[in-house]
2 protein chains.
Amino acid sequence: MEDYRYRQIEQQLLQQISSGTLSPGARLPSLRHVSARSRVAVSTVLQAYAALECKGVIESRPRSGFFVRRDVQELPPPPRTPRPLLRPHTINRSQLISAVLETVGDQELLPLGINCPSEELLPYRELAKVAARLSRENPKRLVGYLPVEGSLELRRQLSLRAAQAGLDVRPEEIIITCGALEALHVAVRSLVRPGDNVLIQAPSYFCFQQLLENQGVRSIEIPSHPRHGVEPADVERALGRFDIRACIFTPNFNNPDGSLTPDSAKREIVALLAGRGIPLIEDDVAGDLHFGPTRPSVFKMYDEDGLVVLCSSFSKTLCPGYRIGWIMPGRFYREAYEVKATTNVCSATPTQENVALYLREGRYDRHLRVLRRKLQEQMRAIQLHVSRTFPDGTRVSRPEGGGVLWVELPRGVDSVELMYRARAEGISIAPGTIFSTQDRFAGHVRLNSGNLWSDGLARGIERLGSLVGDMFSAGGA
Amino acid sequence: MEDYRYRQIEQQLLQQISSGTLSPGARLPSLRHVSARSRVAVSTVLQAYAALECKGVIESRPRSGFFVRRDVQELPPPPRTPRPLLRPHTINRSQLISAVLETVGDQELLPLGINCPSEELLPYRELAKVAARLSRENPKRLVGYLPVEGSLELRRQLSLRAAQAGLDVRPEEIIITCGALEALHVAVRSLVRPGDNVLIQAPSYFCFQQLLENQGVRSIEIPSHPRHGVEPADVERALGRFDIRACIFTPNFNNPDGSLTPDSAKREIVALLAGRGIPLIEDDVAGDLHFGPTRPSVFKMYDEDGLVVLCSSFSKTLCPGYRIGWIMPGRFYREAYEVKATTNVCSATPTQENVALYLREGRYDRHLRVLRRKLQEQMRAIQLHVSRTFPDGTRVSRPEGGGVLWVELPRGVDSVELMYRARAEGISIAPGTIFSTQDRFAGHVRLNSGNLWSDGLARGIERLGSLVGDMFSAGGA
């Protein structure tokens, strides 16, 4: 029995060492500690440690205890989280989306599949300086909770920025969320019940669909016009045919097609919905990334009834990893407050205060000007390179802002198959299939233009072009 | 028309100044900027600015622009988020819970209504040092996304801590969440569909109930024994009578009653559920806060089928405001991953890496030892003070760990009425009513023992005691 126990403890420790939980040089827990936890005699634990020492895995140091040997070489590297390379013919849309989400934060892939500016384009040094200052000046405040609705200073800054863009929203009409996706999540759970119909544009951000499915909500798609986004006539037609509980639209540089719904159409759509008392959830994450001289308006500017719920974040412009977004829920404040509170109480204090102070110092607009120019240059470079290296028949979007390109592949080339082939070569892309519940975009891919132009990026796009070329020739043969 | 426009701009600016969005000394947006945004002539904006200057609200500085005067005195202070003092007879449970949640982060209340250690008890200086080091050494990494499942280093540290407590969970079996409540949220959305029955103990943390209601799930309550928590016989009986989809239990120092489900009962309950294939969602946020020498076990230690989903966080022990929790979803990893991804993609990078490095430096256990001792002392002091200052007939729980006391008021005293009276005197409490869907705990209150003992705290409890005394006499008269 005791023999069995010591081997069990030895195996547990070996597992922790090989998984990297106990890294080379780490101190092992004391004999007494392991004995108390595992409810075995100290001598049994010592037996396990001795066995590991014999195997050259750990070493004892006088008066210090046992340590993992620094020269442990024969052990395998710590495992990466499994990223199954699922084959296209066996998976559903939801698994496909997971496969795309799994590339978020993966440092080993050329990140053409995400929608996020490269860290190089973000003011990380300034943010770090502000963080250091906050840690120095008021460390105590940073560990405590903020109210459910978030930092007052951050909400004041957001109110001020909204006012500068022509939108009158007071700090107490804003709730801070963990990114824009959480804002959307809060909006959907505040407004919609299982079985309801929600109107969305297609293509649109794949997480909307997944969020709706997950809530048991039916999505009804109207086309997103490649340049003009949502058309009022389409909205009106859908309202006539279906019992719509709410809409979710991305008027400014829609992800993935980059379309921009004109101001006049925004006004018209808000009026259409107001007449029927239907709420409109607006995603404005890319609104600040306009290449032209003026920021496009938002639906909420035309909202006189509190029916527009604006969702946005700093994830495409300042600090994706901080997870700072917000919701301006209009007349649905109470509902949104309750959903936020029961989802995760409130968002993190240090990151909220960090952004609040950064904004207060007034450097954000200067950063945005530089970011917009670079994103535009990078987008242009990718457009040109795609047109040079992809086969004839490829079409590329011409967005007036945002950070993604929407590429239509030559007829017959399947974007999911392309995703797997590209992944095998260290390149992530987002296949068009996931941007709609219908199969209309199987021949599209979305490319991230948030990466600094480089030889590596150029080679990656070239490689993609050859893969598409191969698939096109094979399909045409 | 132009006259109307300039007054409108003037009013908007005044509103921003009085709401604190533009604080004293702040620079106003440039004339050209406002002109472009509001689509009016520069001269119209200048007219508005001149009017504000005449009123002594703003001042122009040569070559710098317009600024809010620092001596603006006549303006009202910036508004606080409205905290309606709703009267008990008009509100429902959900509004009552909102009223309690609104006290989170409110610096002006004596926080007896929350469940959270005072910042004074937390190692905020050490955490700030780690934060400063991270900002210095790798500022770039902190602005980027982490993978959906969270920081690998943090998950390694959690895996190591689990191993030390006798639980074998690998880093790739853990997903980081925004606090334990989000872990619970992810668990519920992964396992349960609208219309399902979920078994919970009563009393239990009010957010469980609200989360279940919000998801359209029916909660079935079994009693939480004041000392022994969940009893296997009660679980068995409920399983015989209802079609149960999942259970949510807090075995270690249940919030609010402080009960501790014994190890033998845990083992029995896991076996009961495993026999029927029913998942068990376990909340272990207070498990590290044991006053006795050893940490109590968790359900998950007895789980051989991957049916136990463990949820926990650092919010009761280290850094509530960082919003760092985790879920160990067992065989439901895929479902949990998808829910987390569609809720808010991933948790914040800086706070995750901050805690990971703090844990890696090995100071957490020492902190926990001090924290446990202080929480025990504080709890003892409150128990004694309640027994001295509350009327006869009051009963107080005797938890062996955790950070809350459960007080049964003398017969006839209503906890919701007490909450409103206490709030009017600057004291927050959590009324028993919210800890169950049934009205069994209307005569209980939960008190936070996470505050350092102080004269102010003593006076607050004394004041509560007199309020209860008054209500008791009035009720008895």
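The legends below describe close-up views of a predicted two-chain model.

Local features are reported at pLDDT of at least 70 and side-chain atom pairs at pLDDT 80 or more, whereas totals for chains, interfaces and linings use all residues. Residues are numbered from 1 along each chain as its sequence is written, and chains are lettered from A and ligands numbered from 1 in the order in which they are written.

**View 1. Relation between chain A and chain B.** The same surface serves both copies, since 100% of the contact residues of chain A recur in chain B; two residues are in contact if their C-beta atoms, placed from the backbone, lie within 7 Å.

**View 2. Domains and overall make-up of chain A.** The domain assignment gives domain 1 (2-68), domain 2 (88-121 + 366-476) and domain 3 (124-363), with bounds that come from an automatic or database domain assignment. The C-alpha centres of domain 1 and domain 2 of chain A lie 48 Å apart. Chain A has 16 helices and 15 strands; helices (H or I, at least four residues) and strands (E, at least two) are DSSP runs, numbered from the N terminus. Along the principal axes, the C-alpha atoms of chain A fill a box of roughly 80 × 65 × 45 Å. Of the 477 residues in chain A, 53% are buried. A residue is buried if 20 or more other C-beta atoms lie within 10 Å of its own, exposed if 12 or fewer, and partly exposed in between, with C-beta atoms placed from the backbone.

**View 3. The seven-stranded sheet of chain B.** This open sheet has the order S4-S10-S9-S8-S7-S5-S6, with mixed pairing; two strands pair if DSSP finds at least two bridges between them. Strand S4 (175-177) and strand S6 (218-223) of chain B each have a single partner strand, so one side of each is left without a neighbour in the sheet. From one strand to the next, the twist averages 25°. Strands S8 (residues 280-283) and S9 (residues 308-313) of chain B run parallel and are joined by four bridges, with Leu280(B) having Val308(B) as its bridge partner in S9(B). Helix H10 (residues 232-241) of chain B lies across S5, S6 and S7 of chain B, running at about 145° to S6(B). Axes are lines fitted to C-alpha atoms, for helices over the stretch in contact, and angles run from 0 to 180 degrees between N-to-C directions.

**View 4. Ala187 in the largest nonpolar core.** Ala187(A) and Ala187(B) touch the most other members of this core of 286 residues. A nonpolar core is a set of buried Ala, Val, Leu, Ile, Met, Phe, Trp, Tyr and Cys residues joined through C-beta atoms within 7 Å. Leaving aside residues up to four places away in sequence, Ala187(B) touches Ile281(B), Val309(B), Cys311(B), Ile327(B), Pro329(B) and Ala336(B).

**View 5. Helix H9 of chain A.** Seven of the nine residues of H9 (residues 206-214) of chain A are buried, so this helix is largely enclosed by the rest of the structure. Its buried residues include Phe206(A), Phe208(A) and Leu212(A). Their cover includes helices H4 (93-101) and H8 (179-191) of chain A, together with helix H12 (333-344) of chain B. Just after H9(A), Gly216(A) takes a positive phi of about 70°.

View 6. S1 (residues 58-61) and S2 (residues 65-68) of chain B run antiparallel, joined by four bridges, and Arg61(B) stands opposite Gly65(B). The two strands form a hairpin with three residues between them, and Arg63(B) in the turn has a positive phi of about 60°. Arg70(B) lies in the loop between S2 and H4 of chain B and, with 11 C-beta neighbours inside 10 Å, counts as exposed. Arg70(B) touches Pro24(B) and Gly25(B), not counting residues up to four places away in sequence.

Conventions. Least-squares fit on C-alpha atoms with pLDDT ≥ 70 in both.
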